[in-house]
Amino acid sequence: MLPLSGIFYERITSRRFNSRATFEDPSVRQFFPTVAAYSDYYAALVDALDEAHVRYNQPTRVELLEVSAGPAVEAGLRLRLRFVGPNDLPLRWWSASLERTDEWQWRDGRWWVVPGKV
């Protein structure tokens, strides 16, 4: 995984996402340019993890599947990821997973996670 994104995804691994403590954690929020951007990303991820039946909205690992360049004007990268965790459905002992694409953008001298772009 890319160094900065690796730090971000390590911080969200094994954390319960439908928790106020995780939402208010400044070590996760610092990767977003605004509180609104963080709130949008967080809400979308919680909803997607719930729909994927990841138990407690708590991924145990995040795998980087692909990195591609975003639109040239925005100087961004798209990371295709797989979030994996225990399955929340009854009698399913195998893992549940969610594949999604996150966009990272270079702005103001640093990389930011940009929600809702893909």
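What covers the buried residues of α4? The cover includes α1, α2 (20–23), α3 (26–29), β2, β3 and β4. Here, buried means under 20% relative accessible area, exposed means over 50%, and partly exposed lies in between, with a 1.4 Å probe and protein chains only. Helices (H or I, at least four residues) and strands (E, at least two) are DSSP runs, numbered from the N terminus.

This is a predicted model, in which local features need pLDDT of at least 70 and side-chain atom pairs count only at pLDDT 80 or more, while totals for chains, interfaces and linings use all residues. Residues are numbered from 1 along each chain as its sequence is written, and side-chain values use heavy atoms, with hydrogens and water left out.

**The sheet**

Four strands form an open sheet in the order β1-β2-β3-β4, with antiparallel pairing. β1 (61–69) and β4 are the edge strands; each has a single partner strand, so one side of each lacks a neighbour in the sheet. On average, neighbouring strands are turned by 30 degrees against each other, direction ignored. Two strands count as paired if DSSP finds at least two bridges between them.

β2 (residues 76–86) and β3 (residues 95–107) pair in the antiparallel sense over eleven bridges. Five bridges join β3 to β4 (residues 110–114), and these two strands run antiparallel. β3 and β4 also form a hairpin, with two residues between them. In that turn, aspartate 108 has a positive phi of about 55 degrees. Strands of a sheet pair through backbone hydrogen bonds, either parallel or antiparallel.

| Residue | Opposite residue |
|---|---|
| Glycine 76 | Glutamine 105 in β3 |
| Arginine 80 | Threonine 101 in β3 |
| Glutamate 103 | Valine 114 in β4 |

**Helix α4**

How does the length of α4 compare with expectation? At 1.5 Å a residue, its 17 residues should span 24 Å, and the end C-alpha atoms are 24 Å apart, which agrees. The expected span is 1.5 Å times one less than the number of residues.

Ala37, Tyr38, Tyr41, Tyr42, Leu45, Val46, Ala48 and Leu49 are buried in α4. They cover an arc of only 165 degrees around the axis, which puts them on the same side of α4. The arc is that of the directions from the helix axis to the C-beta atoms. An α-helix has 3.6 residues a turn, so residues three or four places apart point the same way.

α4 packs on the sheet and touches β2, β3 and β4. Its direction makes about 165 degrees with that of β3. Axes are lines fitted to C-alpha atoms, for helices over the stretch in contact, and angles run from 0 to 180 degrees between N-to-C directions. Contact means heavy atoms within 4.5 Å.

**The nonpolar core**

The largest nonpolar core has 25 residues. Such a core is a set of buried Ala, Val, Leu, Ile, Met, Phe, Trp, Tyr and Cys residues joined through side-chain atoms within 4.5 Å. Phe8, Tyr9, Ile12, Phe32, Tyr41, Leu45 and Phe83 have the most contacts inside this core. The elements that give two or more residues to the core are α1 (3–12), α4 (35–51), β2 and β3. α4 gives the most, with eight residues. In soluble globular proteins, nonpolar side chains tend to be buried together.

Which residues does leucine 45 contact, leaving aside neighbours within four places in sequence? They are Ile12, Phe17, Phe83, Leu98 and Arg100. Leucine 49 is also in α4. This leucine 49 is buried, at 0% relative accessible area. Not counting residues up to four places away in sequence, leucine 49 touches Phe17, Val54, Asn57, Pro59, Phe83 and Leu98.

**Positive phi in the loops**

Most residues other than glycine have a negative phi. Serine 14 has a positive phi, near 65 degrees. Serine 14 lies in the loop between α1 and α2 and is partly exposed, with a relative accessible area of 45%.

Histidine 53 follows α4, with a positive phi near 65 degrees. Asparagine 57 has a positive phi near 55 degrees. Asparagine 57 is found in the loop between α4 and β1. Is asparagine 57 buried or exposed? Asparagine 57 is buried, with a relative accessible area of 5%.
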